[in-house]
Amino acid sequence: MLYLPEPPQDDYPLLLRALMGHYRAQFATIIDMVPAYRSLLLVFADSDIPAQAICDSGNDFLTAYNPVQAQQGVTTHTIPVCYAAEYAPDLADLAASHGLSVDEVIAQHTADSYSVCCLGFIPGFAFLGYVDERIATPRHHNPRSKVAKGSVGIAGRQTGIYPADSPGGWQIIGRTPVTLYAPERGLYSRFNIGDKVRFSAISADEFANWTDE
């Protein structure tokens, strides 16, 4: 397990993405890599590689790291979201808690682009950072037993989309008709760490008539 300095920085997702590519090229026996906000878990098929060699390789990468070059190959995803009340059970209360209108929260949520900082919790779930402080809201103290597939939520300064029905405590402010997780057709995640995600507001009619890819 490798760690970057605290606290997590805005450029860490891209750095970790590039670091994963570096290790994939350097060590043929890596069988899995799990990035998080400021860490990277490397899983090897054997135990013969000295830990110092792994650390030295990482330090060499950091010395030569080029943030501009790391931008190459990053995908920006535009995700449609319906913010209508039937799909957004927490939106009105969240807006009121910040002294904002519902439309102002929607405008802020759709104004920014978010980095994929971490993948996990359930398959296909991307932790996206970071929402504006004006709409940052703690998760519920008592999680719901079921949050519907496609629900878009906020927890602190994170936002994210539930790719499947799941228990969850995030503040639900909308829902997307886009499928994020469908292992039966080989879709395990639409996102990679370091990708960018933007949200686009759609109407309830557009949601109901949406034809997924």
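Tutor: Two strands pair if DSSP finds at least two bridges between them. Helices (H or I, at least four residues) and strands (E, at least two) are DSSP runs, numbered from the N terminus. The model is predicted: local features need pLDDT of at least 70, side-chain atom pairs need pLDDT 80 or more, and totals for chains, interfaces and linings use all residues. Residues count from 1 along each chain as its sequence is written, and side-chain values use heavy atoms, without hydrogens or water.

Take strand 8 and strand 11 as the way in. They are antiparallel partners, joined by 4 bridges. Gly 153 of the pair faces Ile 172, which sits in strand 11. Strand 11 (171-175) has 4 of its 5 residues buried. Buried means under 20% relative accessible area; over 50% is exposed, and in between is partly exposed (1.4 Å probe, protein chains only).

Now move to strand 6 (126-129). Ala 126 and Leu 128 point one way, Phe 127 and Gly 129 the other. All of these residues are buried. Strand 6 pairs with strand 5 (113-119), antiparallel, over 4 bridges. Leu 119 stands opposite Ala 126 there. Strand 6 also joins strand 9 (158-161) through 2 bridges, again antiparallel. In that pairing, Leu 128 is opposite Thr 159.

The strand 5 and strand 6 pair is a hairpin, with 6 residues between the two strands. Phe 121 belongs to that turn, and its phi is positive, about 75 degrees. Most residues other than glycine have a negative phi, and most peptide bonds are trans. The peptide bond from Gly 129 to Tyr 130 is cis, with omega near 0 degrees. Tyr 130 lies in the loop between strand 6 and strand 7 (144-147).

What packs around these strands? The largest nonpolar core has 25 residues, and Phe 191 and Phe 199 have the most contacts inside it. Strand 4 (76-82), helix 4 (91-97), helix 5 (102-111), strand 5, strand 6, strand 8 (151-155) and strand 12 (196-202) each give at least two residues to this core. Helix 4 supplies the largest share, 3 residues. A nonpolar core here is a set of buried Ala, Val, Leu, Ile, Met, Phe, Trp, Tyr and Cys residues, joined through side-chain atoms within 4.5 Å.

Look at Phe 191 itself. Leaving out residues up to four places away in sequence, Phe 191 touches His 77, Ile 79, Val 116, Leu 119, Ala 126, Ile 161, Leu 180 and Val 197. Contact means heavy atoms within 4.5 Å.

Helix 5 is next. Val 105, Ile 106, Gln 108, His 109 and Thr 110 are buried in helix 5. Their cover includes helix 4, strand 5, strand 8, strand 9, strand 11 and strand 12. Strand 8 and strand 11, the pair we began with, are both part of that cover.

Finally, the charged pairs in the loops and strands around this part. A search of the whole structure finds 6 salt bridges, each a side-chain nitrogen of Lys or Arg within 4 Å of a carboxyl oxygen of Asp or Glu. One of them joins the side chains of Glu 133 and Arg 157, at 3.9 Å from N to O. Glu 133 is in the loop between strand 6 and strand 7, and Arg 157 is in the loop between strand 8 and strand 9, 24 residues apart. Glu 133 is exposed, because its relative accessible area is 54%. Arg 157 has 35%, so it counts as partly exposed.

Another salt bridge joins Lys 146 and Asp 165, at 3.5 Å from N to O. Lys 146 is in strand 7 and Asp 165 in the loop between strand 9 and strand 10 (166-168), 19 residues apart. Lys 146 counts as exposed, because its relative accessibility is 55%. Asp 165, at 47%, is partly exposed.
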